[in-house]
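Welcome, and please take a look at the model below.

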Amino acid sequence: MNTPPSPSGAEHTGGSPIRLGALVPLTRPGWAEAGRHLLAGLDLAVREVNDAGGIDGRPLELVVRDTAADPERAAAAVDELADLGVAAVVGEYHSVVARAAAARADALGVPFLCSSAVLDALTEEPTEWVARLAPAQSHGWRIYADFLLGAGRRRIAVVTQPSVYWTSGTRVLRDHLAPRGGTVVELDASLTPEALCDALVDHGATALLLLVGHPEPAVPIVRAVRSDRRLGEILIGAPAGQPEFAEWAAVLGEDGAGVPFLRYLPERLGPLGERVGKELRERLGEAPSFVAFEGWDTVAVLAAVLRSHGTDRAAVAASWPRVAVEGTRGPIRFSRTPGIGVWQWAWAPVEVVDRDPAEPDRLRVLHAG
């Protein structure tokens, strides 16, 4: 699916457009709801830039490509967008897809500002071409592990599917929990929900973390655990954020409440975040997720870079260490972070939140990093 270029606010500007390629999961098996929020944030920011006169009178234009959570499709899209003359590529939610896009962007010499993927090893080798807004998985998931310890949960079971992302997350949890008296046992997502419940009882697990896709197999697992009387005291968690989106609550109802996940928002937004959040809510028809704010911040950063350094790709990439932009979630600057090969915002705010069992549409902050 190729989405036509965004006309957002272009009627307020003159001159040839400055194109930005946007990688977004909009269809299955991609997490389409996350993609919709990411695109809403990107598009809103582009419209605001153009309503304010664009970049030196030239409008921004989003050229959107649906990745559908397919790394090969994303890499091919970067090739196509490079041929179309984009000044930079932005976006993506899925870590394995963003990794493929980052590798291709690095090879082609196209700046890539990754909005929402967290895998630490976004590139195999250090690169000057890639920057990232989302906090690295090792940072956010350590905060999640601290939450588990603070809640008295030390016997952790993780149900996982084969993926470099889930494997990396399991390693972060184990490395952080083990020195602090925690244990992690891995359970295969190919187990039937009933067999999974038996395994949780056998291991004496006090928490089950869903390192699996949504809605399958996450939804049937949650339903099975919630209905098993032996597991009434177990905490179900989803550090990757599956319960963030309305679809989770719509499908699971009360069963989906009380499942803590990571959210990259401050406990209270400042004036800019409040204004942007209101606009995003109107666009989406629901509360904006942190992913929508990541989209807006992405364009805010690139608009500032393009105004200061022009549209030359090498100049854009060379500007990452000089970025100083007020984002919706705080001041954004990029630095080199040990163990991470891209320019990194260290760090966006990190919270552990869940849906309130008494009011599943309301999110509660349980722990702040």
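Let us begin with a pair of helices: H4 passes H5 in a right-handed crossing. A crossing is called right-handed if the near helix is turned clockwise from the far one by less than a right angle, and left-handed if anticlockwise. Helices (H or I, at least four residues) and strands (E, at least two) are DSSP runs, numbered from the N terminus.

Before going further, a word on the basis: this is a predicted model, in which local features need pLDDT of at least 70, side-chain atom pairs count only at pLDDT 80 or more, and totals for chains, interfaces and linings use all residues. Residues are numbered from 1 along each chain as its sequence is written, and side-chain values use heavy atoms, with hydrogens and water left out.

**Two helix pairs**

H4 covers residues 137-150 and H5 covers residues 164-177; they pack at an angle of about 50 degrees, with their axes 9 Å apart. Axes here are lines fitted to C-alpha atoms, for helices over the stretch in contact, and angles run from 0 to 180 degrees between N-to-C directions. H4 and H5 are therefore oblique to each other (under 35 degrees counts as roughly parallel, over 145 as roughly antiparallel, 65 to 115 as roughly perpendicular and the rest as oblique). On the H4 side, the contact (heavy atoms within 4.5 Å) is made by Gln137, Ser138, Trp141, Arg142, Ala145, Asp146 and Leu149. H5 contributes Tyr165, Trp166, Ser168, Gly169, Thr170, Val172, Leu173, His176 and Leu177. Sorted by class, this contact holds eight nonpolar, six polar and two charged residues. In this scheme Ala, Val, Leu, Ile, Met, Phe, Trp, Tyr, Cys and Pro count as nonpolar, Asp, Glu, Lys and Arg as charged, and the others, Gly among them, as polar.

How do H2 and H3 cross, and at roughly what angle? Their axes come within 8 Å and cross at roughly 35 degrees, and H2 passes H3 in a right-handed crossing. Pro71, Ala74, Ala75, Val78, Asp79 and Ala82 of H2 meet Val96, Val97, Ala100, Ala101, Arg104, Ala105 and Leu108 of H3. Here the division is eleven nonpolar, no polar and two charged residues.

Val78 lies in H2, which spans residues 71-83. Not counting residues up to four places away in sequence, Val78 touches Leu23, Ala101, Arg104, Ala105 and Leu108. The C-alpha atoms of Val78 and Gly339 are separated by 25 Å, and the two residues are 261 apart along the chain.

Trp248 belongs to helix H8. Leaving aside neighbours within four places in sequence, the contacts of Trp248 include Leu210, His214, Ala218, Val222 and Arg355. Leu113 lies 135 residues from Trp248 in sequence and 28 Å from it in space, C-alpha to C-alpha.

Which residues of H7 (residues 218-227) are buried? They are Ala218, Val219, Ile221, Val222, Ala224 and Val225. These buried residues pack against strand E7 (155-160), helix H6 (193-203), strand E9 (207-211), strand E10 (235-237) and helix H8 (246-252).

The table gathers some single residues that count as buried, a word that means under 20% relative accessible area, with exposed over 50% and partly exposed in between (1.4 Å probe, protein chains only).

| Residue | Relative accessible area |
|---|---|
| Val78 | 1% |
| Trp248 | 0% |
| Cys114 | 0% |
| Cys197 | 2% |
| Ala68 | 5% |
| Glu92 | 0% |

As for the cysteines, a search of the whole structure finds zero disulfides (pairs of cysteine sulfur atoms within 2.5 Å).

**Backbone details**

Most residues other than glycine have a negative phi, and most peptide bonds are trans. Ala68, in the loop between strand E3 (60-66) and H2, has a positive phi near 50 degrees. Glu92 sits in the loop between strand E4 (88-91) and H3, and its phi is also positive, near 75 degrees.

Where are the cis peptide bonds described here? One joins Glu216 and Pro217, with omega about 0 degrees, and Pro217 lies in the loop between E9 and H7. Another joins Ala346 and Trp347, again with omega about 0 degrees. Trp347 is placed in the loop between strand E15 (343-345) and strand E16 (351-356).
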